[in-house]
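I opened the notebook to record what I looked up in this structure, entry by entry. The sequence and the coordinates come first, and my notes come after them.

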Amino acid sequence: GVMAHQLCRPIWRRWLETAVLSGAIDVGDMATVLPVQWIPPRWDWVDPLKDIQAQVLAMEAGLTSRRKVVEATGYDIEEVDRENAADAARAAELGLTYRTSPGETQGARATPTAAPDTDTSLGDGSASSTTAEQE
């Protein structure tokens, strides 16, 4: 937040104003070109598998958008979407199939879960009361 707000924005504004005033570019309405989205480089994660699984689950739960997840990795969503579309078209043209298609998520299925404990004995050979009630 510091670099984009305190350094990049003022430099962008000054560069754009200078370019327009010198006649190097013609933008028409300055208000339409002044806003710029700054995407910082991604941070390396300690446990990327868990981070990606958490991001996928957050998207599927509607807690965040795919755009925000992609931008947090340091990439531009439009570029990623174009690459995914090109990859999918090329794979379809060549008859290639993969476990998932570009853009398709596995969500909770990708999250490892512990197997449920099916041992209902209390150690003395008797079943617990909840198991006995269910049967």
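**Entry 1: ground rules.** I am working from a predicted model, in which local features need pLDDT of at least 70 and side-chain atom pairs count only at pLDDT 80 or more, while totals for chains, interfaces and linings use all residues. Residues are numbered from 1 along each chain as its sequence is written, and side-chain values use heavy atoms, with hydrogens and water left out.

**Entry 2: the fold.** I looked up the secondary structure and found six helices and zero strands, in the order α-α-α-α-α-α along the sequence. Helices (H or I, at least four residues) and strands (E, at least two) are DSSP runs numbered from the N terminus. Of the 135 residues in the protein, 13% are buried, where buried means under 20% relative accessible area, exposed over 50%, and partly exposed in between (1.4 Å probe, protein chains only). I then took the contacts (heavy atoms within 4.5 Å): among those with a separation of 6 or more, 41% are between residues 24 or more positions apart. The protein exposes about 10,900 Å², with carbon and sulfur atoms supplying 57% of it; accessible areas come from the Shrake-Rupley method with a 1.4 Å probe, and for residues only the protein chains shown count as cover.

Entry 3: I searched the whole structure for aromatic pairs and found one. The ring centres of Trp 12 and Trp 15 are 5.4 Å apart and their planes lie at 20°, so I recorded the pair as stacked. The rule is that rings of Phe, Tyr and Trp (its six-membered ring) pair if their centres lie within 6.5 Å, with planes under 30 degrees apart counted as stacked, over 60 as edge-to-face and the rest as tilted. Both residues belong to helix H1 (residues 2-22) and sit three residues apart, about one turn of the helix. An α-helix has 3.6 residues a turn, so residues three or four places apart point the same way. Trp 12 is partly exposed at 25% relative accessible area, and Trp 15 is also partly exposed, at 48%.

I also noted a nonpolar surface patch of about 300 Å², made by Met 3, Leu 7 and Ile 11. Patches are made of residues with over 30% relative accessible area and no salt bridge, like charges being joined within 9 Å and nonpolar side chains (Val, Leu, Ile, Met, Phe, Trp, Tyr) within 5 Å. Leu 7 is placed in helix H1 and counts as partly exposed, with 39% relative accessibility.

**Entry 4: helix H3.** Helix H3 (residues 48-60) has 13 residues and spans 18 Å from its first C-alpha to its last, close to the expected 18 Å, the expected span being 1.5 Å times one less than the number of residues. I listed its buried residues as Gln 53, Gln 55, Val 56 and Ala 58, and I found that they pack against H4. After H3 comes Gly 62, whose phi is positive, near 80°.

**Entry 5: salt bridges.** How many salt bridges does a search of the whole structure find? I found five, a salt bridge being a side-chain nitrogen of Lys or Arg within 4 Å of a carboxyl oxygen of Asp or Glu.

Arg 66 forms one with Asp 81, the closest N and O atoms being 2.3 Å apart. This pair links distant parts of the chain, with Arg 66 in helix H4 and Asp 81 in helix H5 (residues 77-94), 15 residues apart. Arg 66 is partly exposed at 33% relative accessibility, as is Asp 81 at 32%.

Arg 67, Glu 71 and Glu 78 are linked in a network of salt bridges. Within helix H4, Arg 67 and Glu 71 are four residues apart, about one turn of the helix, and their closest N and O atoms are 3.6 Å apart. The side chains of Glu 78 and Arg 67 meet at 3.1 Å, N to O. Glu 78 lies in helix H5 and Arg 67 in helix H4, so this pair ties together parts that are eleven residues apart in sequence.

Is Glu 71 buried or exposed? I noted Glu 71 as buried, at 16% relative accessibility, whereas Arg 67 is partly exposed at 36% and Glu 78 is partly exposed at 35%. Glu 71 lies in helix H4 (residues 66-72) and touches Gln 37 and Ile 39, not counting residues up to four places away in sequence.
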